[in-house]
Protein chains: 2
Amino acid sequence: MDVRMTAQKAKTASRRIAVATTEQKNSVLVKMAELLKKKKKELVNANRKDREAGRKSGLSQNLLNRLVFDGKRIESRISSLLKIIDLPDPVGQVGELERRPNGLMVGRMRVPLGVILMIYEARPHVTVNAGAFALKSGNGIILKGGKEAVRCNAFLGNLWAEALSYAGLPEDAVQCISASHEEVTELLRLPEYIDLVIPRGGKGLIKSVVEQSIIPVIKHFEGICHVYVDDDADMSKARRIVLNSKLLMPEVCNAAETMLISEKRAGDLPKIIRALSKEGVEIRGCAKTRKISRSVKAATEEDWRTEYLDKVISVKVVDGLGEAIDHINTYGSGHTDTVVTENYTHANRFLREVDSGVVLVNASTMFDDGEELGMGAEIGISTDKLHARGPMGLKELTTYKFIVMGEDHIKEA
Amino acid sequence: MDVRMTAQKAKTASRRIAVATTEQKNSVLVKMAELLKKKKKELVNANRKDREAGRKSGLSQNLLNRLVFDGKRIESRISSLLKIIDLPDPVGQVGELERRPNGLMVGRMRVPLGVILMIYEARPHVTVNAGAFALKSGNGIILKGGKEAVRCNAFLGNLWAEALSYAGLPEDAVQCISASHEEVTELLRLPEYIDLVIPRGGKGLIKSVVEQSIIPVIKHFEGICHVYVDDDADMSKARRIVLNSKLLMPEVCNAAETMLISEKRAGDLPKIIRALSKEGVEIRGCAKTRKISRSVKAATEEDWRTEYLDKVISVKVVDGLGEAIDHINTYGSGHTDTVVTENYTHANRFLREVDSGVVLVNASTMFDDGEELGMGAEIGISTDKLHARGPMGLKELTTYKFIVMGEDHIKEA
């Protein structure tokens, strides 16, 4: 496979997508939704073959689950496409326009990044979702899925090509490829054609992409998320928020992994621990926690750095707000952290000083979600600080340029 | 030298700077300005020794010029510090605050990046300027200057330490280091302590930083800037803008390197060429240009990709706007490009479609400058697309986080 050619074609196509109207881009997404509906049976078949092959080759149950692309999941992709169609197009929006003292008009115009390379495992829904996000934000995209989903992704790639050509836009704007390690490495060294790399998957995949890429990378690393129960917490809110943050979906990145509680509230700890235990959550506590609730297992240093993604929570009693913030900034992953408090000053300090993508007060960590936060939908959550942080929507797949409107403006020496 | 320790200390110090008040940060800058004034003689001496050593070791005249830190340049640093003191502090500003249908208040708060690593050659003024930008935007910074400026930079490092400790802030927030290649490589692999790398210098330096870094890099590569003279150009504006873009400071990155002119305006070419020649500019033209002005040297393919930084300009006759935009997007460096036109539709299309950090209409490329564009001052110009593009001010050294204010918000299944 000539990956340089793939990248070059993506770049050429991206220039056409960058200047396409919102109507043109939406018509691709409408067509794609129609095609998903029409070809559902064939898609489900392709996916079935992928899964059979996966089972034979000994794929883990976890990966096999994520590989599923059945009727229900296809329907959910269709409704997600319709949602993205309704989102405002960020391209061409101008902000911060001002008239300078010398009469120059200066503003910042939102423009697409160019070409995005997405590298991911299993989930075929990414092939639909990331393609739609890239197109709507005016970008080309190269979708490098895992070999375990090769049939389903190839099928989806053909649907993208059909939808693009239906709308009169170049098919190369969305390319679904399978590529060897060496070919991926080559792609990661083509900044002249590719503007951004987004890896999604296990730590190993992400580390290797970061190691090799000379193109900027935005990654989602892990979610070690905290709930801090402050001195002045309303304890019934605290219980609800801890339970919801841990239990609504323990397997997702913004589920809570650690509860911190102020020493002044330690007396209320047994009640929360009982409520968690009742729901089948395993508790791993610090020494102080275990003095209060003797049945609790001991947490090790490693626990404070662990993303369980399961019905397990680590619990630590802290001096108060200052130690809680220090703990989060030291052991957390900069993802999502919430404080439960009725204290105005503590709430503000937590919001200011916790160095994470999403910081909340009196709300479950489960609200870290592009739709809940007003972005309509999200392509992912960034745990990086550069360019995009927290949930990423359409705007986060664009950049800006300065536009300067003069009237015969010459600079003096 | 234990560079890991350097980076770790920078990270710890950066947490203090991140929560410092604007007053505290400004008082460091005021003190630094005072110290520069008070210690001017010693600084000039340190710089003289650096330059003597440089001459002996055979440093190029170009580098020797950039190494100069005399009374005049120190004065200019002092006034630049005073300017930065007057700029608004971006940290803590909240934008896009909205009330969601479920009652959650959601906004984006500007916060510092953390620790910046600046790698640069010669110019000691960067040691003052970058330090001031980092501090004012709430960041820690590691300043890795070249060995040719080692005495002057060490001296400035001591002044920073004195200014910081005077304001009650940790000295490690600004560290001036000299480091071997191996030590720099080690720094570039410490994303746990360093959040952003900014290399400034020759292409070799920048390429090697990009190759080695697993930390995000924002770079200034090169400025291959264009002036396009459109069909409907006012030719007296065109002449003034071409001359100003090429000649005000031919050695800087936003000086024009190529003039494109519409075929319909080719008759006016000799006049512009004569004006440029009269100012001592060497012209390298395409075949059509040379048919019109026979004395012009032939441009090679290489010329369209060359940043002369000198009194040389390449000239190409194009079909019209479309070819001009294609040429710029193909051969340009995404830096600064301007169109001269009276045509409303052409102006808008040029602004929309030219994929560069700064795009202008009827204005000299020399206006690509942080101060001219309203940012007060700049730490550099980014030719990258991610995070910051074009001139970078204080805001570009920050990131955002989502802040979410709830009232017992629990997410439904």
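In chain A, helix α10 (residues 235-247) and helix α11 (residues 269-278) have axes that come within 10 Å and cross at roughly 30°. This is a predicted model, where local features need pLDDT of at least 70, side-chain atom pairs count only at pLDDT 80 or more, and totals for chains, interfaces and linings use all residues. Residues are numbered from 1 along each chain as its sequence is written, chains are lettered from A and ligands numbered from 1 in the order in which they are written, and side-chain values use heavy atoms, leaving out hydrogens and water.

Helices (H or I, at least four residues) and strands (E, at least two) are DSSP runs, numbered from the N terminus. Axes are lines fitted to C-alpha atoms, for helices over the stretch in contact, and angles run from 0 to 180 degrees between N-to-C directions. Angles under 35 degrees count as roughly parallel, over 145 as roughly antiparallel, 65 to 115 as roughly perpendicular and the rest as oblique.

So α10(A) and α11(A) are roughly parallel to each other. Where they touch (contact means heavy atoms within 4.5 Å), the α10(A) residues include A:Met235 and A:Arg239, and those of α11(A) include A:Ile272.

Now for another pair: α2(A) and α6(A) pack at about 165°, and that makes α2(A) roughly antiparallel to α6(A). Among the residues that meet are A:Leu29 and A:Leu36 in α2(A), and A:Val128 and A:Leu135 in α6(A). Here are the two pairs:

| Helix pair | Angle | Axis distance |
|---|---|---|
| α10(A) and α11(A) | roughly 30° | within 10 Å |
| α2(A) and α6(A) | about 165° | 9 Å |

What about the strands? Chain A has an open sheet of 4 strands in the order β5-β4-β3-β6, with parallel pairing. Its edge strands are β5 (174-177) and β6 (196-200), each pairing on one side only. Two strands pair if DSSP finds at least two bridges between them, and β3(A) and β4(A) pair over 5 bridges. In that pairing, A:Met118 stands opposite A:Leu143. Helix α9 (residues 203-212) of chain A lies across β3 and β6, running at about 160° to β6(A).

Finally, chain B can be laid on chain A with an RMSD of 0.0 Å by a turn of 180° and a shift of 0.0 Å along the axis. The two copies are thus related as by a two-fold rotation axis. That superposition is by least squares on the C-alpha atoms of residues with pLDDT of at least 70 in both copies.
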